[in-house]
Amino acid sequence: MRALPVLVDATSIPPNRGGVARYIAGLLQGLAELDVRVDVVVKPGDLAWLRGIAPGHRYHAAPRWTASRPLRLVWEQTLLPVTARRVGAEVLHSPHYTFPVTRASRTVVTLHDATFFSDPAAHSRLKVLFFRTWTRLARRLARRTVAPSAATVAELDRLAGRSARPTVVAHLGVDRTLFRVPTAAETAAFRAEHALGDDAWIAFLGTVEPRKRVPELIAAHRALTARAADGGGAAVPALLVAGGLGWDEDARAELTAAGDVPGAPVRYLGYLPVEELRAFLGGARASWSTRAPRRASACRCSRRWPRARTSSPPVDWRSPRSAATP
């Protein structure tokens with residue numbers, strides 16, 4: 001493999017290995033497909049997982065105490081630059097907002113979201129302050145910043161001030177080995193595992209936080225169910241919610257009370273194994289053209305501001321330049 005003098009900081013992987021973890025894993029997989037090798041620093045608890053997903057790179061374990069988020073941020077500012085020098089990295093890629101300020105001139109920082117500026121009510125006050133600060137610092141100090149869409153860049157320019165240097169747009173990709181139409185066997189296994197029988201379902205997947213508007217989704221489902229019971233409409237499929245409980249206390253109360261009861265109109269499935277996601281979300285496409293009782297549908301609900309139209313060229317999702325993430 002062709003070695004690049006780049007160190008990727010993968011220590012921001014969260015405990016549930018969702019979100020930015022998928023981004024980092026997809027990025028490293030894509031580089032490996034290009035026959036490119038980089039250095040990667042990762043928390044010890046994530047080392048075997050990431051190495052199994054994207055072998056071929058050179059992995060370095062960060063201190064065990066970086067499992068603490070505050071201590072990891074201290075390590076990032078003090079010892080990450082030392083690690084970069086030790087492995088001979090000329091460029092550091094910080095894929096989740098924060099970066100060592102003293103090495104900013106040799107750092108590329110990925111900024112995933114503009115809603116900390118455009119929709120602050122969707123986040124906690126602490127997160128808004130934290131991510132606004134680091135976004136502004138990255139756009140002022142980093143050698144380059146990366147964003148997933150031209151619309152995100154436009155929102156950042158409008159609300160956070162123009163960046164000192166151009167921001168690179170690197171569109172998100174799709175991991176086709178993970179997110180594809182499920183087989184009949186996978187769908188049948190999912191139905192059996194969750195006691196769905198031949199019932200239809202509506203699927204919601206994501207961290208349950210205010211911007212996802214899960215309480216409103218549950219309220220709408222409850223209203224439609226009541227109307228159907230009064231003869232005012234067709235039967236409503238069960239609402240299945242999967243994902244972690246974030247800081248939306250109303251949704252937490254609703255979903256905790258609902259639990260996971262087979263046959264109930266609303267069920268909270270919690271975290272689903274990655275191998276079940278195809279059937280959970282893709283069952284709709286696999287069974288949509290069959291008889292109605294076997295239909296399933298998938299939806300995502302978000303309180304994000306509308307995306308601006310852009311003149312960006314069409315994206316080839318198979319392009320290795322795209323990070324293979326859901």
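## Close-up views of a predicted model

**View A. Thr 83 and the residues it touches.** Leaving aside residues up to four places away in sequence, Thr 83 touches Leu 7, Val 41 and Trp 75. Contact means heavy atoms within 4.5 Å. This is a predicted model: local features need pLDDT of at least 70, side-chain atom pairs count only at pLDDT 80 or more, and totals for chains, interfaces and linings use all residues. Residues are numbered from 1 along each chain as its sequence is written, and side-chain values use heavy atoms, with hydrogens and water left out. Thr 83 lies in helix α4, residues 80–86. Helices (H or I, at least four residues) and strands (E, at least two) are DSSP runs, numbered from the N terminus. Thr 83 counts as buried because its relative accessibility is 10%. Buried means under 20% relative accessible area, exposed over 50%, and partly exposed in between (1.4 Å probe, protein chains only). Val 41 is 42 residues from Thr 83 along the chain, and their C-alpha atoms are separated by 8.3 Å.

**View B. The largest nonpolar core.** This core has 19 residues. A nonpolar core is a set of buried Ala, Val, Leu, Ile, Met, Phe, Trp, Tyr and Cys residues joined through side-chain atoms within 4.5 Å. Those with the most contacts inside the core include Ala 10, Ile 24, Val 38 and Tyr 59. Two or more residues come from each of β1 (2–9), α1 (20–33), β2 (36–42) and α2 (44–53). The largest share, 7 residues, comes from α1. Tyr 59 touches several residues beyond four places away in sequence, among them Leu 28, Val 40, Leu 50 and Arg 51. A second, separate core has 14 residues, including Val 109, Leu 111, Phe 131 and Leu 156.

**View C. Helix α6 against helix α7.** Helix α6 (residues 125–141) packs on helix α7 (residues 150–160) at an angle of about 100°, and their axes are 12 Å apart. Axes are lines fitted to C-alpha atoms, for helices over the stretch in contact, and angles run from 0 to 180 degrees between N-to-C directions. The two helices are therefore roughly perpendicular to each other. Angles of 65 to 115 degrees count as roughly perpendicular, under 35 as roughly parallel, over 145 as roughly antiparallel, and the rest as oblique. Thr 135, Arg 136 and Arg 139 of α6 make the contact with Leu 156, Asp 157, Leu 159 and Ala 160 of α7. Those residues divide into 3 nonpolar, 1 polar and 3 charged. Here Ala, Val, Leu, Ile, Met, Phe, Trp, Tyr, Cys and Pro count as nonpolar, Asp, Glu, Lys and Arg as charged, and the others, Gly among them, as polar. The buried residues of α7 pack against α5 (115–118), α6, β6 (144–147) and β7. Just after α7, Gly 161 takes a positive phi of about 90°.

**View D. Thr 167 in strand β7.** Thr 167 is found in β7, residues 167–169. It counts as buried, at 18% relative accessibility. Its side chain makes a polar contact with the side chain of Thr 145, at 2.9 Å. A polar contact is a pair of N or O atoms within 3.5 Å; within protein, one must be able to donate a hydrogen and the other to accept it, and residues adjacent in sequence count only if both atoms are side-chain atoms.

**View E. Helix α9 crossing helix α10.** The axes of α9 (residues 214–229) and α10 (residues 249–258) come within 8 Å and cross at roughly 45°. That makes α9 oblique to α10.
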